[in-house]
Amino acid sequence: MTSEELFYQKKPAFGRVDSEKVQQYAEGYKAFLDRGKTERDAVTTIVNIAHEAGFVPYKRGMLLNPGDRIYCVNREKAVALAVIGAESLDNGIALTAAHLDAPRIDIRTVPLYEQDGMAFFKTHYYGGIKKYQWTAIPLELRGVVCVCRNGKMLKFRVNIGADPSDPKFVITDLLPHLASKQMEQKMTDGIKAENMNILIASKPSETEDETCGEKDKIKLAVMEYLHQKYGMTEIDFLSAELSCVPAFNACDVGFDRSMVGAYGHDDRVCAYPAATSLIALEGTPRRTAVCLLVDKEEIGSEGVTGMQSRFFDTFMADLCRAQGVYPEVCYEHSTCLSTDVCNAFDPNYADVSEARNDARINCGFALMKYSGARGKSGTSDATAELMAQIRLILENAGVPWQTAQLGRVDQGGGGTVAMYLANRNIDTVDAGVPVLSMHSPFEVISKLDLYCAFLGMGAFYQA
Ligand code: MN
Ligand code: MN
């Protein structure tokens, strides 16, 4: 055999997939990103796409037949989509799991105050961010307000800043002229979380209000605006979930338009192909194919909408019960691709990367045997047998794929939802799309890798 046959080499996948389809698929993805900047918005967008493709909402006890296409939403923040397979659930499911939440700036429960001629929202950041990246960029406000009036709840979706004509919001930064002390600090200390206040207004109310006086006139103007728009009073922030996310939309990056820059690729760059490849399935797959999109991964997968919630188990138990199958038996025979992003090798930060093992952009769908940190803690570490099984699926379908790891050993690390699925006795392996500038407000991915993820997950569901 020649060295080319004997050696493994990570190679760009150009020429191995239809480049027109690559560009076309990325257009749909960009539109999804712009609509789905929070987990709620992402769920709504995915459900709309599924609806148009004939998926129906699942109701407990529903009679299901092979080929049926269903979805089940968990509190607007997570969703399971399924295409019922020809075989019994005794034989397990082909499952993909991705997350829809992304690092962002959440608004606190008592957020509004006025100081020195400006009004601000206090915040609490969500997920692992480099705080300095979130100052001096346009932000938009998204979320939900549940106003309590006369013993009743009124719910409003908030979306201010997405439309080009909308106002934006911002966290201010210090001018370099006065920043000599700030610049000498460690990057973790340069911006303090308690100073990450969102600038929201500067004009006082014109209402004559004696109790308010001159002190809180800008705050009053903000409350008057919110009351007029949503019927809110200040206490209603307590029953609100408001977040600031970057106000810029997804766009092409590079002269060649080979990449997409956007907020929230982690992990919508996996969630979108996981859902759309399931929706694109034609006919009836052999095993039931399920796409699970969850919330709260960035803060440990906890809570009622996270991967550790029993939502998924309950959904599967419902499907299994209808076929007289024990969910435990179904899990035992199931296979899961935990689809999350991985770090793309970046030559500008080569000293923390592992050139042989880290994923590279444009080299295809990235399989990661394990993530974790410090001696592989916090990972499920897929078996050799499972790795081979997934390799064969991708190779047989002609899907470009590559290996991935998370940088140098002991450099840091991270986890995914993989272990929570593996803990359920489901064979699980991580696979995803390499990302540059991960967790920043403007992450970058390659369109080719995105399309390979779509092809790879489609092949997996059909295997
Ligand atoms: Mn992720
Ligand atoms: Mn992440």
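Q: In this predicted model, in which helix is Asp-267 found?
A: Asp-267 is joined to Asp-266 by a cis peptide bond, with omega at about 10°. Most peptide bonds are trans, and the element in which Asp-267 is found is helix 7.

Q: Which strands does helix 7 touch where it packs on the sheet, and what angle does its direction make with that of strand 4?
A: The sheet is an open one of nine strands with mixed pairing, in the order 1-2-3-14-4-15-21-17-19. Helix 7, residues 265–279, packs on this sheet and touches strand 2, strand 3, strand 4, strand 14, strand 15 and strand 21, and its direction makes with that of strand 4 an angle of about 150°.

Q: Which residues coordinate the manganese ion (ligand 2)?
A: The donors of this ion follow the spacing D-x31-E-x140-H along the chain. They lie at 2.0 to 2.6 Å from the manganese ion (ligand 2), with OD, OE and NE2 atoms taking part, and they belong to Asp-266, Glu-298 and His-439.

Q: Which residue coordinates both the manganese ion (ligand 2) and the manganese ion (ligand 1)?
A: The two ions, ligand 2 and ligand 1, are 3.3 Å apart. The residue that coordinates both is Asp-266.

Q: How many residues apart in sequence are the parts that Glu-298 and His-439 tie together?
A: Both residues coordinate the manganese ion (ligand 2). Glu-298 is buried at a relative accessible area of 14%, and His-439 is buried as well, at 18%. Glu-298 lies in the loop between strand 14 and helix 8, while His-439 lies in the loop between strand 22 and strand 23, so the pair ties together parts whose separation in sequence is 141 residues.

Q: Within what arc do the buried residues of helix 10 fall, seen down its axis?
A: Helix 10, residues 384–396, has 13 residues and reaches 18 Å from its first C-alpha to its last, close to the 18 Å expected. An α-helix has 3.6 residues a turn, so residues three or four places apart point the same way. Leu-386, Met-387, Ile-390, Ile-393 and Leu-394 are buried in helix 10, and they line one face of the helix because, seen down its axis, they fall within an arc of 125°.

Q: Against which elements do the buried residues of helix 10 pack?
A: On the other side of helix 10, Ala-384, Glu-385 and Asn-396 are exposed. The buried residues, by contrast, pack against strand 15, strand 17, strand 19, strand 21 and helix 12.

Q: Where does Asp-381 lie, and is Asp-381 buried or partly exposed?
A: Most residues other than glycine have a negative phi, yet Asp-381 has a positive phi of about 50° although it is not a glycine. Asp-381 lies in the loop between strand 18 and helix 10. At 25% relative accessibility, Asp-381 counts as partly exposed.

Q: In which loop is the place of Asn-425?
A: Asn-425 is a residue other than glycine with a positive phi, near 70°. At 46% relative accessibility, Asn-425 counts as partly exposed. The place of Asn-425 is in the loop between helix 11 (418–422) and strand 21.

Key:
Residues numbered from 1 in each chain as written. Chains lettered and ligands numbered in written order. Predicted model: local features only at pLDDT ≥ 70, side-chain atom pairs only at ≥ 80, totals over all residues. Heavy atoms only, no water. Donors = N, O, S within 2.8 Å, 3.2 Å for Na, K, Ca; no water. Helix = DSSP H or I, 4+ residues; strand = E, 2+ residues; numbered from the N terminus. Buried < 20%, exposed > 50% of the residue type's maximum accessible area, 1.4 Å probe, protein only. Pairing = 2+ DSSP bridges. Contact = heavy atoms within 4.5 Å. Axes fitted to C-alpha atoms, helices over the stretch in contact; angles between N-to-C directions. Expected span 1.5 Å × (residues − 1). Arc of directions from axis to C-beta.
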